[in-house]
Protein chains: 2
Amino acid sequence: MSKSKADRLQKLGTETAFAVSADAAAFAAEGNVVYPFHLGDMDLRTPLNVIEATHRAMLDGKTGYNPSAGIMPLREALAENIGQDRNVQYGPLNVAVQPGGKPVISKFLEIVMNPGDGVLYPNPGFPIYESQINYLGGKPRPYAYIPTGDGFDIDRDGVESQIDAGVRAIIFNNYQNPIGAESSAEEIQWLADLAIRHDLWVLSDEAYFKILYSGQGRSIVSLPGMLERTIILYTFSKTYAMTGLRLGAAVGPESVIDSMGKLNVNVESCTNHALQYGGIEALRGDQSEAREIMNTLQLRRDTLVEELRTIDGVEVFVPNSTFYLFPDVTRVYERMGATSLEDFRSRTLRETGVSFCTREHFGSPLPGEDRKFVRFAFSGISVENIKEGLARLKAFWN
Amino acid sequence: MSKSKADRLQKLGTETAFAVSADAAAFAAEGNVVYPFHLGDMDLRTPLNVIEATHRAMLDGKTGYNPSAGIMPLREALAENIGQDRNVQYGPLNVAVQPGGKPVISKFLEIVMNPGDGVLYPNPGFPIYESQINYLGGKPRPYAYIPTGDGFDIDRDGVESQIDAGVRAIIFNNYQNPIGAESSAEEIQWLADLAIRHDLWVLSDEAYFKILYSGQGRSIVSLPGMLERTIILYTFSKTYAMTGLRLGAAVGPESVIDSMGKLNVNVESCTNHALQYGGIEALRGDQSEAREIMNTLQLRRDTLVEELRTIDGVEVFVPNSTFYLFPDVTRVYERMGATSLEDFRSRTLRETGVSFCTREHFGSPLPGEDRKFVRFAFSGISVENIKEGLARLKAFWN
């Protein structure tokens, strides 16, 4: 193909973690056993009541177009559910249904960010933040998380030092992928004060808000002055094991939600009609399978942490949310004489079948970073296979 | 909300036809009967075998992520089906599954058009073409269709006169919404020659390729030299009455399809996993319900044409494709003393309950246009209601 494509594509990033999936698949195709800790996907099926509600809706003819911002009963159910959990008042006009949580990232940036504006975002963090900031002509302003021994805190100096008049928005991902960090009430208050002081828009990525093993979820939107500047990324993906069915929503001020709807008209018309009835059932129907998902994840988490801690040189804390561990493997890395995190990952896969992502799949290391981290996801692997994989890992890493 | 939004939103258009839906709904809410000829939607349910295949896939756990460009079996089925119907050779790497046909429009422009590039597109035509050309910083170059008495021809002089070095692409919508035009083999050849001569990318919007009442569908991609410069917009929406389930695809050169997949990773991750198994069933399974849909549409078309032709001053041809009629109502308009097409539409709705869109919902009238056209869709109304509505219309318009 000799015809050239548009220049903007050069600024488009991707999820480099897909290369890990491809590498693991290639290794498996050679006849090897793979222990998949690299996937952010789930091997658990969507709850049956959600599937059946979707099926009934298709049979009832909910197969035609629906409003670009979603059907009113789902917008109402989301407004009620999300508002109650966060102790704020939302109505249906604050909700724009989307085909997944991810579309909220690009649409948020399209709506609030002009080319040249700065946007703060976590690094390590979900790689699409940076990709879309760049793609849409913004200035990426990555901020770090600092290990505390039993978790991570936001690098406040790092945030403050990057704020100038051109910074327009901050992306905050409490219950954080990949590191599993949970912000304290005090940290969230600090962030809210900062957003108000500098008049920033906030994208609160709450994909893991309900993947919480104890306590009550905290959202920055609950704090005074935040309702009018915060857009919540909501998704059914994790709570209801619906990653591949694609159902989510943007929740925020009406003016922004209006624009979300208009972008929907332009880009995808509307979200799958019948599936939205599945969404209503997910929110209002029986929660026993959703609870079962959490029980399964918790057992996997505890098993994986216990096994990892038997390995000399692995430091790992028990995250209260997400389905990721982010162990510090610096001493193993040094003992192995690894030349790079990619070398470390690749050699471990080939020696043990254990497949995982590294810190570098979630952004380029920032100045001053000297520890080596990897990410273990436990959403796509059984307890039995966790034990089997970790036995092999121990033999190689110890 | 005092916080300002991004400037780019000022260039974002919409489908103004939604205002007609809202007006009709408001009129119905006052207790009036509405005869909905304004909808491009279908009141026919998705074929049962497609629904059941989707349901089975959900039960089988096809609820997790799938590749951003779609599952391989669907890409293979689409490559085979689309290639055979057009007598060209496609493989799965030429296909990127999308959540509907519409996403192909914006992604095509993102991939081939730089800001400042000109793009030719039909006017009247699907309004999202113009909206997205503007939104993404291109220069809109609308071209007209000229009435011939029994159809419409592309205004070739209008196309030629707008081509300069800055024109990069042309959007071609054979089997055209809203006018129902079908290009002759000679017209398609002329367009292909033009695209090659000026080295243009071509978006061939083939949403209605299978909504054809007689003969065999013709695609510009079949002509020599076109395979490497044409991207087909394919959708399941019309053929399988799946408008609201959102399943479609971009089909074209691998280099463009690669970029489509990368945009998918950034914007929506992937298309609904289980639904893609429904798509395979649609393509390879029993076609009896799809045939039934065409029979139903044909009966509606014939009824509506017959009734409209009994009205003095309505000129309408029988389209061989789409589910739209585009009657010339100039003499009725003049007899009524209408002050604008909007006045004509609104007064007709209020006097008769008959609701339709006008030419102006598909782009601003071009210089020299003097006839008045409206669009009647017959995809969302039964034969019985067509007759009832037309009886009222006749009484008012005659």
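Me: How far apart do the C-alpha centres of domain 1 and domain 2 of chain A lie?

Reply: They lie 25 Å apart. Before we go on, a word on the model: it is predicted, with local features needing pLDDT of at least 70 and side-chain atom pairs counting only at pLDDT 80 or more, while totals for chains, interfaces and linings use all residues. Residues are numbered from 1 along each chain as its sequence is written, chains are lettered from A and ligands numbered from 1 in the order in which they are written, and side-chain values use heavy atoms, with hydrogens and water left out.

Me: Which residues make up domain 1 and domain 2 of chain A?

Reply: Domain bounds come from an automatic or database domain assignment. Here domain 1 of chain A takes in 7-45 + 289-397, and domain 2 covers 48-284. Where they touch (contact means heavy atoms within 4.5 Å), domain 1 gives 36 residues and domain 2 gives 43 residues.

Me: How do I read the area buried between domain 1 and domain 2 of chain A?

Reply: Buried area is the accessible area (1.4 Å probe) that two parts lose on being put together, summed over both. For these two domains of chain A, that comes to about 3,300 Å², with carbon and sulfur atoms giving 61%.

Me: How many salt bridges does the rule find across the interface of domain 1 and domain 2 of chain A?

Reply: The rule asks for a side-chain nitrogen of Lys or Arg within 4 Å of a carboxyl oxygen of Asp or Glu. Across this domain interface in chain A it finds 1 salt bridge. To see what such a pair looks like in chain A, find Lys102(A) and Glu15(A), which form a salt bridge with their closest N and O atoms 2.7 Å apart.

Me: And how many residue pairs are in polar contact across the interface of domain 1 and domain 2 of chain A?

Reply: A polar contact is a pair of N or O atoms within 3.5 Å; within protein, one must be able to donate a hydrogen and the other to accept it, and residues adjacent in sequence count only if both atoms are side-chain atoms. The rule finds 14 such residue pairs between the two domains of chain A, both residues being at pLDDT 80 or more. On the side of domain 1 that touches domain 2, the elements giving two or more residues are helix H10 (288-308) and strand S11 (324-325) of chain A. The largest share, 7 residues, comes from H10(A). Such elements are DSSP runs, numbered from the N terminus: helices (H or I) have at least four residues and strands (E) at least two.

Me: Let's turn to the two chains. How many residues does the contact take from chain B and from chain A?

Reply: It takes 76 residues from chain B and 76 residues from chain A. The area buried between these chains is about 6,100 Å², and carbon and sulfur atoms give 53% of it. Lys3(B), Tyr65(B) and Asn266(B) supply 12% of the area that chain B buries against chain A, more than any other three residues.

Me: Which residues does a cis peptide bond join in chain B?

Reply: One such bond joins Asn123(B) and Pro124(B), with omega about 5 degrees. Pro124(B) sits in the loop between strand S3 (118-122) and H5 of chain B. Another cis peptide bond joins Asn177(B) and Pro178(B), with omega about 15 degrees.
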